[in-house]
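Student: Could you show me how to read the features of a protein model, step by step?
Tutor: Gladly; let us look at the model together and take one feature at a time.

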Amino acid sequence: MRIFEEMAKYGHEQVHFLQHRGTGLKGIVAIHDTTLGPALGGCRMRPYETEEEALFDVLRLSRGMTYKCGVVDVDNGGGKAVLIGDPNQDKSPELFRVFGRYVQGLGGRFYTGTDMGTTPQDFVHAKRESSCFVGLPVEYGGSGNTAVPTALGVFEAIKATAMWLWGSTELTGRRFAVQGVGKVGALVVQHLVEAGGAVYVTDVSQPNLDAVVTATPGEQLLGVVGPEEIYGLDVDVFVPCALGAILNDETIYELRCAAVVGSANNQLLDMEKHGAMLAERGILYAPDYLANAGGLIQVADELQGYVPERVLAKTKAIYDMLLQVYAFSAEREIPTWLAADRLVEQRIEQVKDLKAVWVQKAR
Ligand code: NAD
């Protein structure tokens, strides 16, 4: 891979390669854009088969974080770290401590926390060496379960979608198909049911399904269906809260909903192609990185001294931001995912411009 060419293609600022012989640490930190503030993004651990694969992942994910931070107006840019290794075999407290030292060495340009393959407990070790870690367990100063604000954000996004489509946030009698009732999905079901909605649910985990069935009043539980049946149900909103890439050539033709709004990351297998397919079928798509930004809002808040009320207010603002995205998409006749990207790019330009005003450097 031609590294500078790849960095230039999407405008990455900095890429660091980390190697520590004693602990076996091998990793890459990518900082995409710090116009809005220090880069923020999770640290993923995976047994990447090649170095190119790891580099490609960290470049793609760090760029995504610039958009995710920008769309919900947190003062952070986009970054990401990947550790090359098997999370079940290659972890040690020392590996995370040395990772902490490397991150500290970046001088506050990059903050990180959990992602696929890493846990809050891993970063308890890293935090001993660095002040640049977020999302730790509560007893170590973290802000707690991010599924709570994430689910609230999805619920706000569903209300905004209802307002856009039907002119009211009233959800009584509306029907939802929820794919995945894990940490986020179960809480989304709870919000929908409390608001008077009725749900179909699916999951591959029987204990997770049992918990939701027990917690949901019978008349609001339309059914528990198999994983393949969830797409073709006659509902108002399909709510993906499990896997990525579930909006693809096969599933989009099955959908019989008016909108897709969920927490899953990277829902469109191919942004351009499948975003366009949804639009052609008249299905409104809430960009995933906005609908699921509640968790990011919470961890970003830790950097300012976590205030739960501020997290709540910023998460509720997903409602207004999504309406802006829908309006911009309609006005420009562009897909909603692209409208969200364009709004973030405008914001970055505005912030660049205001930062052109000279101020005395802090000492
Ligand atoms: P989770 O692991 O707790 O829940 C996922 C659920 O999906 C599990 O119950 C799992 O059994 C189920 N599932 C897996 N494969 C399935 C399939 N084929 N069909 C139906 N169900 C299936 O994860 P979570 O934290 O609830 O996150 C859900 C999604 O939201 C993920 O895509 C995650 O990346 C995204 N997300 C989560 C957060 C957060 O704060 N937790 C934040 C942003 C985005």
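Tutor: The domain assignment of the chain gives domain 1 (3-59 + 78-140) and domain 2 (147-293 + 318-346), where the bounds come from an automatic or database domain assignment. This is a predicted model, in which local features need pLDDT of at least 70 and side-chain atom pairs count only at pLDDT 80 or more, while totals for chains, interfaces and linings use all residues. Residues are numbered from 1 along each chain as its sequence is written, and side-chain values use heavy atoms, with hydrogens and water left out.

Student: How many Å apart do the C-alpha centres of domain 1 and domain 2 lie?
Tutor: The C-alpha centres of the two domains are 30 Å apart.

Student: What describes a pair of aromatic rings?
Tutor: Such a pair is described by the distance of the centres and the angle of the planes. Rings of Phe, Tyr and Trp (its six-membered ring) pair if their centres lie within 6.5 Å, and planes under 30 degrees apart count as stacked, over 60 as edge-to-face and the rest as tilted. The structure holds five aromatic pairs. In one of them, the ring centres of F96 and F123 are 5.6 Å apart and the planes stand at 85°, so the pair is edge-to-face.

Student: Where in the chain do F96 and F123 lie?
Tutor: F96 is in helix α3 (residues 93-104) and F123 in helix α4 (residues 120-127), so that the pair links distant parts of the chain, 27 residues apart; helices here are DSSP runs of H or I with at least four residues, and strands are runs of E with at least two, numbered from the N terminus.

Student: Are F96 and F123 buried or exposed?
Tutor: Buried means under 20% relative accessible area, exposed over 50%, and partly exposed in between (1.4 Å probe, protein chains only). F96 counts as buried at 1% relative accessibility, and F123 counts as buried at 0%.

Student: What kind of pair do W164 and Y326 form?
Tutor: W164 and Y326 form a tilted pair, with 5.9 Å from centre to centre and 40° between the planes. W164 lies in helix α5 (residues 147-166) and Y326 in helix α13 (residues 318-332), 162 residues apart. At 37% relative accessibility W164 counts as partly exposed, whereas Y326 counts as buried at 1%.

Student: Which residues form one aromatic cluster?
Tutor: The cluster is formed by F96, F99, F123 and F133.
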